[in-house]
Structures are given as C-alpha cells and as structure tokens.
Amino acid sequence: MAHIIVPIKQVPDMERVKFDTEAGRIDRSSASGEINPFDLNALEAAVQLKETLGGTVTTISMGPGQAEASVRDSLARGADRGVLLADKAFAGADTWATSYTLASAIKKLGDYDLIICGEKTVDGDTGQVGPEIAEWLNIPHVAYVSAIRKADEKAITVTCEMESASYGIESPLPALITVTKDINVPRLPSFADKMKARKAEIEKWTAADIADVADPANLGLKGSPTRLNKVIIPSEEGRKGEMFRGNLDEATTKVADALQALGLFGSSK
Amino acid sequence: MNEYKGLMVFAEQTEGRIHPVSYELLGKGTEIAQKLGIEVSSVLLGSNMDDQINELFYYGAKKVYYIDHPALADFDLLNYKHNLVRLVNEVKPETVLVGATHLGRSLGPRVAAALATGLTADCTALEVGDEGNLIQIRPAFSGNIFAHIRTTTRPQMATVRYKVMQKLARDESKTGEIVRKDAEIVESLLKIIDKTSSGDVNIAEAEVVVCGGRGLKSAGDFALLEDLAKALGGTVGCTRPIVDDAWMGKQHQVGFSGNTVQPKLYVAVGVSGSPQHLAGMRDSDVIVAVNADPSAPIFKVADYGIVGDLYEVVPKLTSEAQRRS
C-alpha cells in the first residue's frame with residue numbers, strides 16, 4: 001500500500017457545544033476543536049495498514065486556519081504528511097462543494113491507492129462527503145466498513161455493514177472506504193509523538209494552489225447547490241417531564257397508570 | 001429548470017423485496033404532489049420483480065420505471081448509480097427521494113455528485129416552500145438542531161429517514177403505468193464475496209424498546225430488562241458502552257453510532273443520556289427514564305422519570321405490566 005489518504009474534519013467538542021433554543025444559535029465558543037471522532041477511526045485504520053504493508057499516510061482537511069491544530073494532531077497519531085485547505089473561497093461549502101474541493105486536492109496530491117473516510121461527522125452528520133469524493137475521482141467505494149480483512153497493492157477486502165446483513169466485498173485499488181466506529185480503537189498519541197508533530201510542517205493550500213484542477217465556480221458557498229434557510233433548535237418542551245422519587249411503589253404505580261391511559265401498558269396488549 | 005417535472009421515489013429492494021421506507025416516501029411524495037399538482041413516479045432496479053411492481057402502485061406511485069436486469073438483482077453500487085443517473089437525466093424529475101438506509105446513503109451521494117445537484121442527508125421532514133420548492137428538514141449536531149435546507153439545482157434530492165414518513169393505506173384497486181427501461185451494464189468492480197445475516201433483531205422496527213446502560217452491574221442483569229420487555233411486548237436495547245464490553249451485540253445498540261429508534265414507548269434504564277445516545281432515541285413517542293442520579297441528562301428528555309435504584313424499580317414495573325395485561 002504505497003499511499004493512503006485520510007480526509008479529516010475539525011469539529012467542536014460536542015459535549016461542550018451550547019444550543020440556544022430562543023436565539024436559534026449554536027455557541028461553539030467554549031468547545032475546543034478536535035478531529036471528528038469518526039475520522040480518528042479512519043486514521044487508525046490507515047496507520048495500521050501502513051504498519052503492516054508499508055507506505056505513507058496523508059491527511060487532508062478543509063477548514064478555517066485553526067483547523068491546523070487538528071491536522072497537526074493527525075501527525076501525532078501516525079500520519080506522515082498533513083495538508084490544510086484554508087481559504088475564504090472554501091467557506092460555506094455544502095457536501096457537494098466540500099467533496100469537490102477535497103477531491104480536487106487529492107488529484108493534486110497525485111498517486112494514491114486508498115482513501116479512508118470516517119462514516120460521518122458529529123456536526124454535519126451527513127456521511128455524504130466520502131461517497132461524493134469517490135464519484136468525483138471515478139473510483140469505487142464501499143461505505144459502512146466495519147473491518148478490513150485483507151489488503152495488498154492491488155485490492156482490498158472489507159466487511160460492509162448493511163442493516164439486515166453484513167457483506168464481504170472485494171474492491172480493486174484505488175478505492176475509497178468509509179469506516180464505522182467498530183473498525184478499531186484509535187490509539188492515543190504518545191508525548192514523544194506530540195512533540196515531534198509540534199515541530200512538523202503543515203502544508204497550507206489556498207484556492208489558488210488547486211486552481212489547475214478545481215473550477216472556482218464549484219467552491220464554497222457559491223459552488224454549493226444546497227442552501228441553509230434557517231436553523232431551528234428544538235427545546236425538549238412537549239415532554240411531560242414528570243419526575244417521581246421517594247416511594248418507589250407509588251412511583252411505578254403512577255407511571256404504569258399514565259402509560260396504561262396512553263394505551264402503552266397492560267390492557268392494550 | 002422548468003423542464004424538470006414530477007417527484008420520483010427510488011424503490012429500494014433487497015433480495016427482491018421492496019424496503020418499507022420506499023412506501024413511506026410514496027406516501028409523503030403523494031402529499032407533496034397533490035399540493036403541487038404533479039405526478040409521483042417510482043424507479044425500481046432489480047431482476048424478476050414484476051410481481052412487486054403493483055405494490056408500488058398500491059402505495060401511491062402513478063408510474064413505475066422498471067429497469068430489469070440480472071446484474072441489478074443485488075445492490076451493485078456502480079451499476080445502480082449508472083442506471084439511476086441515466087434515467088434521471090432522461091425523465092428529469094424535479095425531486096428525487098431516496099430512503100436514508102445504508103444503501104441509500106451510499107448510493108445517493110454518488111448519484112447527486114454525478115448529476116451535479118444537491119443532496120440533503122437523512123431528512124426527518126419535508127415541506128413545500130413558497131415557490132413550490134422542497135424544504136428539506138434534517139437534524140444535525142447529533143440531533144440538537146434542525147436545519148431547513150433548499151436546493152438551487154434540479155433535481156432536488158434528499159435521503160429521508162426510515163420510519164418518519166407515513167405510508168398510505170395499501171389499496172389494491174390502484175393501478176398505474178409501467179415503463180420498462182433497458183439496463184446499460186458497466187463493469188461492476190465491487191465483488192460480493194460472502195454475506196452474513198445480522199439475525200432477527202431489528203430494534204429500529206420495535207414498538208417498545210427497553211434500553212439498558214451503564215447502571216446495570218453485569219451482563220446477566222439484562223435478564224431484568226428482558227422480563228420487562230417481554231411484559232410490554234418489546235425489544236431490549238443498550239447503549240454503546242454495553243456493546244463495547246461485549247455484553248450485548250451491536251444490533252441492540254441505540255445511539256448515534258448504532259441504531260436510531262422511534263418506538264411508541266422507550267424505557268431507558270440506568271442510561272445517563274449522553275448526547276450520542278439521545279441522538280438515537282429522542283424522537284420516541286413516550287420516554288420513561290429510570291436512574292438513580294436525579295441530574296442524569298436522560299431526565300431532560302423523559303416524559304416520566306423515576307429516580308431510584310433500577311434493581312428495585314424494574315421488577316416493580318414488570319409486575320405492574322403483567323398485572324395489567
């Protein structure tokens with residue numbers, strides 16, 4: 001496996017994001033940026049392949065300047081090279097424009113054998129960017145991969161999870177796979193790895209750097225066929241929120257009464 | 001843009017059986033089509049499925065484009081993509097709806113990229129906008145927000161979550177037009193080597209889910225939940241840490257990285273309610289939470305919360321359920 005590319009995204013730490021129901025605003029100020037948790041599984045899968053088969057791992061990310069920290073983190077976790085696509089021209093991209101931009105940059109990187117993406121991101125939650133990159137690059141893809149069974153220079157065999165069954169699928173290379181959280185447990189970087197990554201150079205590319213492979217009309221908000229009309233932050237109102245404590249006999253009886261009244265308990269069955 | 005007309009539902013099939021999400025999309029599609037005065041069609045890729053086409057009519061399709069070829073019997077990504085893109089380019093529907101199943105979420109993005117059009121992922125609601133365009137509503141940030149999205153290109157495409165839309169009552173008197181299209185087969189590249197069925201647990205279909213989390217002290221204690229689930233006619237689910245500890249199989253997992261469920265009744269037992277877990281169950285009709293910790297976030301989404309030791313509460317609930325049935 002000569003070259004594996006892992007597209008990664010910096011996302012806010014979801015435990016710390018605050019949602020303002022009334023203002024319809026997402027407050028990320030107290031949430032630090034981190035590598036999308038699903039992408040850590042993709043990176044770990046790539047590094048494990050490198051360890052058994054040799055080759056190099058490149059991470060590539062599109063995002064604001066501060067996403068450099070996540071690209072650097074990927075180097076501490078075993079990537080050999082990190083590229084950050086940062087330019088105002090990329091801002092506001094939907095999955096179509098994002099996948100176009102990443103695929104263009106991958107073309108620019110040159111030869112590759114395998115692209116590994118996380119199943120989805122915890123913020124956008126679409127899972128679309130991986131398969132769309134594969135379409136732009138005109139290579140096969142397998143989504144929802146829970147295991148890599150076998151890989152060599154020419155082909156990869158994976159386990160693909162569909163709802164009713166799992167499939168063993170063989171694909172020639174180059175190919176793209178999107179991996180689920182079940183594929184591995186990402187390792188933590190050692191102190192030495194972190195120190196080494198701190199000094200490493202992160203390549204920064206702008207729209208001008210990919211101008212020979214990417215049509216500027218397809219970048220960012222301008223290139224995005226979908227538009228956000230508005231964001232609604234639902235409150236949990238509408239839920240009864242009746243709490244019972246203390247006398248547990250009384251509590252269970254009351255809850256059972258309420259559920260029975262709704263036809264969910266007892267006599268309706 | 002005006003040349004694009006009508007609404008098309010991708011009819012997903014596995015082993016010759018149409019996935020129920022396709023019928024749900026025909027139901028929603030019919031509602032949208034009636035508002036706009038347009039036609040609902042469906043596209044079916046498969047082999048020897050003539051007997052299934054009528055089902056699409058019974059559930060609301062007025063026209064079914066049928067691409068029949070042995071190479072399309074099973075999901076073959078590149079051939080499905082190629083033939084779907086060809087058909088959409090020929091028929092030019094204004095809207096294309098695809099079930100947000102694993103198959104749909106793998107196929108849809110490739111089709112949208114190839115058609116140079118937008119695709120909104122995993123919608124939970126669809127509305128008709130002021131200009132007759134499709135407003136696609138989807139959860140993001142692990143279900144904490146709902147984004148309202150429109151598409152500036154055509155067709156406007158969306159994948160739609162299973163078990164969210166209502167299908168129409170099956171009506172055998174309904175008929176429609178079958179339009180047979182020849183398949184154009186390309187090199188498939190992806191080779192299926194083996195297949196293992198996931199077993200018969202389908203938690204996404206369950207009407208009642210009793211879900212256990214870290215509050216349970218051992219794998220054996222899930223028997224308590226089995227008893228309650230049995231009394232309620234439901235299925236047992238669990239949180240991610242339980243699967244990580246191999247106490248239960250992945251097919252039982254509820255949450256962001258597991259199954260999304262939407263039962264009539266969800267009973268969370270010893271579940272703290274992480275954002276990732278809430279993302280998989282917050283749309284349940286009625287939520288009951290049992291937890292010893294009154295500050296557990298699960299109580300914020302619960303209709304009924306019982307603060308107490310689950311080892312006391314669950315057997316009581318079970319006997320209440322048995323007594324009343």
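Leaving aside its neighbours within four places in sequence, which residues is Ile116(A) in contact with?

Mentor: This is a predicted model, so local features need pLDDT of at least 70 and side-chain atom pairs count only at pLDDT 80 or more, while totals for chains, interfaces and linings use all residues. Residues are numbered from 1 along each chain as its sequence is written, and chains are lettered from A and ligands numbered from 1 in the order in which they are written.

Now your residue. Beyond the neighbours within four places in sequence, Ile116(A) is in contact with Ile4(A), Val6(A), Ala42(A), Ala45(A), Ala46(A), Ile177(A) and Val179(A). Contact means that the C-beta atoms, placed from the backbone, lie within 7 Å.

Step out to the core. Ile116(A) belongs to the largest nonpolar core, which has 174 residues. Such a core is a set of buried Ala, Val, Leu, Ile, Met, Phe, Trp, Tyr and Cys residues joined through C-beta atoms within 7 Å. Buried means 20 or more other C-beta atoms within 10 Å of the residue's own, exposed means 12 or fewer, and partly exposed lies in between; C-beta atoms are placed from the backbone. Val6(A), Ala46(A), Ile116(A), Val210(B), Cys211(B), Leu228(B) and Val269(B) touch the most other members. Helix α1 (residues 37-53) of chain A gives this core its largest share, eight residues. Another core lies apart from it, with ten residues; Met14(A), Ala140(B), Ala147(B) and Ile149(B) are among them. In soluble globular proteins, nonpolar side chains tend to be buried together.

Next, the strands. Helices (H or I, at least four residues) and strands (E, at least two) are DSSP runs, numbered from the N terminus. Two strands pair if DSSP finds at least two bridges between them. Ten strands form an open sheet with mixed pairing, in the order β13(A)-β7(A)-β6(A)-β1(A)-β8(A)-β12(A)-β9(A)-β10(A)-β11(A)-β13(B). Its edges are β13 (203-205) of chain A and β13 (191-197) of chain B; each has a single partner strand, so one side of each lacks a neighbour in the sheet. On average, neighbouring strands are turned by 30 degrees against each other, direction ignored. Axes here are lines fitted to C-alpha atoms, for helices over the stretch in contact, and angles run from 0 to 180 degrees between N-to-C directions.

Helix α4(A) packs on this sheet. It touches β1 (3-8), β8 (114-118), β9 and β12 (175-179) of chain A, and its direction makes about 80 degrees with that of β9(A).

Follow the sheet toward chain B. β9(A) and β10(A) pair in the antiparallel sense over five bridges, with Val145(A) opposite Cys160(A). They form a hairpin with three residues between them. β10(A) and β11(A) are also antiparallel, over seven bridges. Here Ile156(A) stands opposite Ser171(A), and three residues again sit between the strands of the hairpin. Then comes the crossing: six bridges join β11(A) to β13(B), which run antiparallel. Ala165(A) has Ser197(B) as its bridge partner there.

A further link joins the chains. β15(A) and strand β18 (residues 304-307) of chain B run parallel, joined by four bridges. Glu242(A) is partnered by Tyr304(B).

Now the whole contact between the chains. It takes 75 residues from chain A and 72 residues from chain B. Elements supplying at least two residues of the chain A side include α3 (95-109), β9 (141-151), β10 (155-161) and β11 (165-172). α6(A) gives the most, ten residues. By class, this side has 35 nonpolar, 20 polar and 20 charged residues. Ala, Val, Leu, Ile, Met, Phe, Trp, Tyr, Cys and Pro count as nonpolar, Asp, Glu, Lys and Arg as charged, and the others, Gly among them, as polar.

Last, a sheet in chain B. Seven strands form an open sheet with parallel pairing, in the order β7-β11-β6-β1-β4-β5-β12. β7 (119-123) and β12 of chain B are the edge strands, each pairing on one side only. The twist averages 20 degrees from one strand to the next. With 15 C-beta neighbours inside 10 Å, Ile178(B) counts as partly exposed. Leaving aside neighbours within four places in sequence, Ile178(B) is in contact with Ile53(B), Val64(B) and Tyr66(B).

Key. Contact = placed C-beta atoms within 7 Å.
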